[in-house]
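This report describes one protein structure for a reader who has not seen it before.

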Amino acid sequence: ALRHFSEQNYEKFDSLVGENACQIRAVKITFLASDNTIDVDLLSQRASALQMKIEELLSPSSIGPILRSKTTLEEVFQRGDLELSLTSDEMFLFQAFLLSEMKSEPSNSNVLSSLTVKSKTCPGNLKNYGDVSSNFTSDTMRKLRRLLSQSSVDFVKELAWDLGDPSLIEMVSDKYLYVHNNAWPCLPMYWTYKILLKASMKKGIPIVLKARFLSASDEGFEVIEEEDLYFSSVQGEHDFSYINTTPDENDYNQPACIFAGVLTIDKATFCKMKWQDDFLNQSLSDAILSGAADHRQYPDPSIDVEVNDPSFDRHLEMASKKGFSLENPSLFFINHVYPMLVKRAINEEEQDQEILISF
């Protein structure tokens, strides 16, 4: 986890928890990367020192006396000073990495069976790190999901208080908290997105929008073309906003939130330039919040949010009319949000080719 974070492989922390809050982790990881709050070198040194202690304890000369004395594992940890204390941010990073490792991604095909992303959890992937039981991997997955979902909720609440908006603080209070499967605390999606967008703009976190243009076929949806749009945060007279621009050298080395999405097209009449003009004719915030309003607010679609919020109603109507909804994905339908370095996000195809050539 530390190696990937230091090498800016932020997509390696794209965890699958199950409460449809990938956007929270994406923003949190970009914040951690921007603030340099993780001392990778110090943590690596401490972890390496502990690893040496453990290897020494597992040597024949050490483990024999331990077994004969019937010492418990807890006592071994205490006597050997084997605990590694982590801050909440460091723990968040570690949990996100492990849950990302326990994820099975759908194949990168040119024909999609669905407009939504269908990743699966494979806790057995943890066995790549050592000889552990299936019960251990499953128990670890369940515990990490509970911990990370709670940390995600805490992060959004903290951002709401930092923004100082009473209406947003109210919407992410315990009044609107829902615990999915009696394990994963969740907040309503639309207002969570509002908070994350405002905080990201204030923080100067860029956004890369990755659009895949789909044409319906007998097999599903055929990927006809793809397009990336880069947005940077600017401060206006009254507030921050996102504008479409071209990244420079400094921008390329920034962590960004990637909004991956799809739109359906008619191959016979489609024009990419017209789509780009139509999309940029609305603000990026409206596009994202419309998608968030159209999405189910909690993992359980039967759970509704009863609140009088004109902005929610406006964005819900916009999603249907403008093409940001699952029923009408004609402009852009968000199907995933994850963190990534800007230059990797924009030049993924070129970088993949370079890797192949190097091999």
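## The largest cavity

The lining of the largest cavity divides into 8 nonpolar, 5 polar and 1 charged residues. Here Ala, Val, Leu, Ile, Met, Phe, Trp, Tyr, Cys and Pro count as nonpolar, Asp, Glu, Lys and Arg as charged, and the others, Gly among them, as polar. The model is predicted: local features need pLDDT of at least 70 and side-chain atom pairs count only at pLDDT 80 or more, while totals for chains, interfaces and linings use all residues. Residues are numbered from 1 along each chain as its sequence is written, and side-chain values use heavy atoms, with hydrogens and water left out.

A search of the whole structure gives 2 cavities of 30 Å³ or more. A cavity is a set of points, on a 1 Å grid over the protein atoms alone, where a 1.4 Å probe fits but cannot get out; lining residues have an atom within 4 Å of a point. Grid points are joined across faces, edges and corners, and a volume is the space filled by probe spheres set on the points. The largest cavity holds about 100 Å³ of space. It has 14 lining residues, of which Glu19, Ala21, Ile24, Cys186 and Leu187 are the closest to its centre. Two or more lining residues come from each of α2 (22-35), α7 (134-163), β5 (184-186) and α9 (189-203). The most come from α7, with 3 residues. Helices (H or I, at least four residues) and strands (E, at least two) are DSSP runs, numbered from the N terminus.

## The second largest cavity

About 80 Å³ of space lies in the second largest cavity. Its lining includes Gln23, Val27, Tyr193, Cys257, Phe259 and Val337. At least two lining residues come from each of α2, α9 and β9, and α9 gives the most, with 4 residues. By class, this lining has 9 nonpolar, 2 polar and no charged residues.

## Strands

Strand β9 (residues 255-264) has 9 of its 10 residues buried, meaning under 20% relative accessible area, with exposed over 50% and partly exposed in between (1.4 Å probe, protein chains only). Two strands pair if DSSP finds at least two bridges between them. β9 pairs with strand β6 (residues 207-217) in the parallel sense over 8 bridges, and Ala260 in β9 is the bridge partner of Lys210. β9 also pairs with strand β10 (residues 333-341), in the antiparallel sense over 8 bridges. There, Phe333 in β10 is the bridge partner of Val262.

Strands β7 (residues 220-235) and β8 (residues 240-244) pair in the antiparallel sense over 5 bridges. They form a hairpin with 4 residues between them, and Phe231 stands opposite Asn244 in β8.

## Cysteines

How many disulfides does a search of the whole structure find? The count is 0, where a disulfide is a pair of cysteine sulfur atoms within 2.5 Å. The closest cysteine sulfur to that of Cys22 is in Cys257, and at 10 Å it is too far for a bond. Cys22 counts as buried because its relative accessibility is 18%. Cys271, at 37%, counts as partly exposed.

## Aromatic rings

There are 14 aromatic pairs. Rings of Phe, Tyr and Trp (its six-membered ring) pair if their centres lie within 6.5 Å; planes under 30 degrees apart count as stacked, over 60 as edge-to-face and the rest as tilted. The ring centres of Phe5 and Tyr10 are 5.7 Å apart and their planes stand at 65°, so this pair is edge-to-face. Phe5 and Tyr10 are both buried. Phe213, Phe270, Trp275, Phe279, Phe324 and Phe332 form one aromatic cluster.

Technical notes. On a 1 Å grid over the protein atoms alone, a cavity is a set of points where a 1.4 Å probe fits but cannot get out, and a pocket is an open set with protein on both sides within 12 Å along at least five of seven lines; lining residues have an atom within 4 Å of a point.
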